[in-house]
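Work through the exercises below with the sequence and the model at hand. Each task is followed by a solution in steps.

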Amino acid sequence: MPDYTLYAYFRSSCSARLRIILNLKNIQYEHIPINLLKDEQLSAEHKALNPSASVPLLVSHTSAGAGFKIGQSVAALEYLEEVHPEVPALPPASDPKGRATVRVLCEIIAADTQPVTNLRIMRRVRALGGNAEEWNKELMADGLRAYEAVVKDSAGRYSVGDNVTMADACLMPAVWNAQRFGVNVSQFSVLAKVVQNLSEHPAVQKAEYFRQPDCPEDLRKS
C-alpha cells in the first residue's frame, strides 16, 4: 500500500495543492475520488472520515502516522513538509522571512480567495438570486491582485525564490480556477511569469485537473 491515501476531486483546487506537493516530494499515494457534483462529500461515510464534509482528506499509512487523518489542505501541506523534508517546499529555517512569505501567499489563496469562491458558496449565491460566475470572477481577481502585490518582492523563478514552495502549490490551482471564470491572468505581470514557469514543472503538470483518474473522458488530457 502507498504511504498515503488522498480523497479528492479532480477539479478541487484544494486537492490539487496536495497533488502538487506529493508529486514534488515523489510520495506515492492512493487516489480515492469524491465527486463534489454528486455531493459524495456529504455522505455519512465521508463525514465519518472528514467532519468538514470536504476534500481533500489525506490519510497516512506510514509506520509513524498510520491512520492519521488531515482534512484541511494547508495543514496537510505543513505535515508533509515536516514528515518528508528531503525535497523541501519551504525555504530553510535560516530564512524565517522567506518562510513567512510563503505562508502569507498560501493564506491569500487558502483563506481569502478559495473559501468565498468554492462550490458551496456558488450554490448559495445562486439561491439568493446572484450571479455566481461574476461573483467568482471578481473575488478571484481580487485574490490574485493581492498575491501579485506580495510576490513582486519575493519571486525568482517561482513565488519565493527559485524553488517550488507550498505557495506555488496554492497558486497554480487558483489560477486554473480564475482562468475558468474569465480572469485575465496576464494583467498580473510577475504572477504570470511564475505561472508560466510552474506550468512547465512535471509535479504541476501531473497534478493538473484534466490528468486525474476521475476526470471525465471528454475533458481528459493525455
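**Exercise 1.** Which residues of H1 are buried?

Solution. The model is predicted. A residue counts as buried when its relative accessible area is under 20%. In H1 that applies to Ser13, Cys14, Ser15, Ala16, Arg17, Leu18, Arg19, Ile20, Ile21, Leu22, Asn23 and Leu24. Because 12 of the 12 residues of H1 are buried, the helix is largely enclosed by the rest of the structure.

**Exercise 2.** Compare the span of H1 with the expected value, then inspect the backbone just after the helix.

Solution. H1 covers residues 13–24, which makes 12 residues. From first C-alpha to last it reaches 16 Å, close to the 16 Å expected at 1.5 Å a residue. Just after H1, Asn26 has a positive phi of about 55°.

**Exercise 3.** Classify the ring pair of Phe10 and Phe210, and locate both residues in the chain.

Solution. The structure contains 5 aromatic pairs. For Phe10 and Phe210, the ring centres lie 6.4 Å apart and the planes meet at 50°, so the pair is tilted. The pair links distant parts of the chain: Phe10 sits in the loop between strand S1 (4–8) and H1, while Phe210 belongs to the segment after helix H9 (202–207), 200 residues apart. Phe10 is buried at 4% relative accessible area, whereas Phe210 is partly exposed at 22%.

**Exercise 4.** Classify the pair of Tyr209 and Phe210, then name the cluster.

Solution. The centres of these two rings are 6.3 Å apart, with 85° between the planes. Planes over 60 degrees apart count as edge-to-face, and Tyr209 and Phe210 form such an edge-to-face pair. Tyr209 is buried, with a relative accessible area of 4%. One aromatic cluster is formed by Tyr9, Phe10, Trp176, Tyr209 and Phe210.

Notes: Residues are numbered from 1 along each chain as its sequence is written. This is a predicted model: local features need pLDDT of at least 70, side-chain atom pairs count only at pLDDT 80 or more; totals for chains, interfaces and linings use all residues. Side-chain values use heavy atoms; hydrogens and water are left out. Helices (H or I, at least four residues) and strands (E, at least two) are DSSP runs, numbered from the N terminus. The expected span of a helix is 1.5 Å times one less than its number of residues. Buried means under 20% relative accessible area, exposed over 50%, partly exposed in between (1.4 Å probe, protein chains only). Rings of Phe, Tyr and Trp (its six-membered ring) pair if their centres lie within 6.5 Å; planes under 30 degrees apart count as stacked, over 60 as edge-to-face and the rest as tilted.
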